[in-house]
Amino acid sequence: MARALSSWVVLKFGGTSVSSLNNWRNIASVVKARSATGARVLVVHSAVTGITDKLEKLLDAALHQKHEEALAAIEDRHRQLAAELGVPVTPELEQHFTDLKQIAAGVALVGEVSDKIRARVMSTGELMATELGARFLASQGIPVTWADARTMLKAEERRGSNAKASLLSATCNFAPDEALQARLAALAPVVITQGFIASDEHGNTVLLGRGGSDTSAAYLAAKLSASRLEIWTDVPGMFSANPRSTPTARLLRALHYDEAQEIASNGAKVLHPRCILPARQYGIPLYVFATQMPDFEGTVLTAEGGDGAAQVKAVCIKKGITLIAMDSPGMWHQVGFLADAFQVFKDHGMSVDLVSTSETNVTVSLDPAANTLDRRLLDALVADLSKLCRVQVIGPCASVSLVGRNIRAILHQLGDAFELFAEQKIYLVSQAANDLNFTFVVDEGQGDRLVDQLHELLIRPVPGDRVLGPTWDQLFAKPVAQVERAVPWWRTKRDQLLALMEQRQSAYVYDLASVRTAAQAVRALKSVSRAHYAMKANPHPELLRALHAEGIHAECVSRGEVERVLEAVPGAERSHILFTPNFAPREEYVWAFQQGVQVTVDNAYALEHWPEVFRGREIFVRIDTGTGRGHHSHVRTGGTHSKFGVPLTEIDAFAKLARAAGARIVGLHAHNGSGVFDVRNWEQTAELLAGLRDRLPDVRVLDVGGGLGVPERLDQPGVDLAKLDTVLAAVKAANDGIELWMEPGRYYVAGAGVLLARVTQLKVKNGVRYVGIATGMNSLIRPALYGSYHEIVNLSRPEEPGTELVNIVGPICESADILGHDRLLPPTREGDVLLIANAGAYGHAMSSRYNLREPAEEICI
């Protein structure tokens, strides 16, 4: 029901927003900015943060005649804020203090708190706060008038509802009110009033329930036919998950009212669900901003929304859910069973949220936000329901919801997401009739983990989206003292890197000092007898020489890699070179034995069909532990769907073939995957391999592989090498006569390498920004192949703040030629040098001349 909108703008500020001088300065700036456009401004705000809770405690303390301390705390907080804001404590504010003292004394005397008294006391928080707010805005030269919200908002009579709900959780009529518009227009250009409170037909103070200030502002915006409603809080908009627990949650730039309603109703705290209806009904754009970041874009809710495409836009969680399961074999024949059951819920004042039905069971959820769920009330509910059926109470549970418009249209795309529930107990599944959410109810303890996993799968990786903006981490993460990591070498050598790029368009640059430091960290592991380098990560001769000088031996997967080592490091001990081919031809094994390198076999086929090649040889066996780990399916090298290794179930048969061929198995090797940070991976691998020694008595070496994770972001901790050393030492101590070997690859060289490239062109396409650089997936294919993340910085503008969300793309004729999605960079210009970090491994080694474009050259410093 869109109407012609007036010149009014309604600004609502929450408790945190009105509790400090800095925030009040921002509020004054916002009010001035809106006034400068010719708008009339209505400011609606909450009580000072924490005061509503203190007022609740005051009433509880008064019942025990111990209210003096609570009174003093409330008064002191307002006097402190007045002093901070530089405004006087007015007679009106003093009167509120006096009223609270008198009411508390009365409660102490009679020993009870009526709902009328509770509403009156709770309203005092907003009344006191707006006294201070009006005085401060006036002190900033803003023509402002204080107004009482109870004269503007009248509670609707609730037929059949109890008195408590009418007084403590009232609803108000919000139809456009020309009389109110005229009355406020006669006041100053800026009016300040209270959220949370209204009055009933008898003039009694009533409350709109917790979070009611948002609703107050929406009611008033509708009554004034405001041109816009702004909700100012401590979070800069609505996010795709709770950013406090999911730091990769992304800003939702624009939403349809209905989507926002679902997100708010399913656990998001930034916006009260009840405030959306008035804005939607009258077509008032609703903005969500952060008071401490007044210039940030925030979120806007409209009837158009940001994008009508079917898409999961948020993963929400509500905790404290209680399920009531009702079973009766005869209910499907019983006319009116549901009506009878729901009448019981109504009689007990219980509001049902989700409903799931079958022929013999009906399960419903009770939301703690809408119900009082203490044991006494639940027992009474169950007692009455038990007259109809068998009843089970299940909880505490959590509801996890995927929210977005037209979600039914993309159910076929959610297969991977549904797999995350494979090991969960799912009590209820609900697909909303309005096609806006898909909800699962699970054990409460599993909720947060599922939210993180679902968000990581469905939302965080989505590139270049008009709705999904920067992540919380991008906006607020501090370089957490590099999580005790040193400043990246490329920051200290910036000038040298820029000098190298003066005559180049792109280049890989490797810092040999960083390679040596990583090698020394691995060699310092006392439990590891020998460390190798999985040279497929980067076979550059200078790197091979640097690692060899630090006592790191080579691990090779092809004849060409062995030949590269022998050429680059002429003094390399051949017996210390590991050769671990996979599906290689017979001739490579013959050649390797002739060269004197240590050969690893990972397939019984070679022993069965070419036994003569292995006669009299000592070999290693690559074991498939049955478990794959790592940051992407393509780097998980264990399990049935991986081509690597001999399965545990075939070890005895493999050993028999080795004996028949005259080969001795002296070493066992396993590598579960790459990008692993949990040290239990190598502990469990070592223990599993050690457990095979009874069946393979000649084994003296256990090679636990590599895969040491390399942090991708500044706030991500690395592998705890000290802890790794401890757990491996324990395994070694429990198995006399064995050596433990490791063979990391990326760990040595990833952080030592960067890819530098000049900016070639810029583009903005339907609001999505692109920064083109001189090289792309022909030089670095990891983002396209693995979806890998690499930090990207503008090396030419290191001190400028990131203000633009951009996609970094290369010149290759492929849609996948994207080096980084949605990166927050300073305004970038043609000719700037961008640096792509952690590019020393599987970068140039996997490069190509695709499109006949040469990959970036390599430089060691």
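Trainee: What should I keep in mind before I start?

Mentor: Because the model is predicted, local features need pLDDT of at least 70 and side-chain atom pairs count only at pLDDT 80 or more, while totals for chains, interfaces and linings use all residues. Residues are numbered from 1 along each chain as its sequence is written, and side-chain values use heavy atoms, with hydrogens and water left out.

Trainee: How many helices and strands are in the chain?

Mentor: The chain has 28 helices and 35 strands. These are DSSP runs numbered from the N terminus: helices are H or I with at least four residues, strands E with at least two. Of the 861 residues, 53% are buried, meaning under 20% relative accessible area with a 1.4 Å probe, protein chains only.

Trainee: How do I read a helix pair?

Mentor: Two packed helices are described by the angle and the distance between their axes. Here, the axes of α2 (residues 51–63) and α5 (residues 115–139) come within 8 Å and cross at roughly 145°. Axes are lines fitted to C-alpha atoms, for helices over the stretch in contact, and angles run from 0 to 180 degrees between N-to-C directions.

Trainee: Which residues of α2 and α5 make the contact?

Mentor: Ile 51, Thr 52, Leu 55, Glu 56 and Leu 59 of α2 meet Ile 117, Arg 118, Val 121, Met 122 and Gly 125 of α5, where contact means heavy atoms within 4.5 Å.

Trainee: And what about sheets?

Mentor: In a regular strand, side chains alternate between the two faces of the sheet. In this chain, eight strands form an open sheet of mixed pairing, ordered β3-β4-β2-β1-β7-β10-β11-β9. Strands pair if DSSP finds at least two bridges between them.

Trainee: Why is one side of β3 and of β9 left without a neighbour in the sheet?

Mentor: β3 (144–146) and β9 (254–256) stand at the edges, so each has a single partner strand. Neighbouring strands of this sheet are turned by 20° against each other on average, direction ignored.

Trainee: Now an antiparallel case, please.

Mentor: β16 (residues 426–431) and β17 (residues 437–443) pair in that sense over five bridges, and Ile 426 stands opposite Val 442 in β17. The two strands form a hairpin with five residues between them, and Asp 435 in the turn has a positive phi of about 60°.

How values were computed
Buried < 20%, exposed > 50% of the residue type's maximum accessible area, 1.4 Å probe, protein only.
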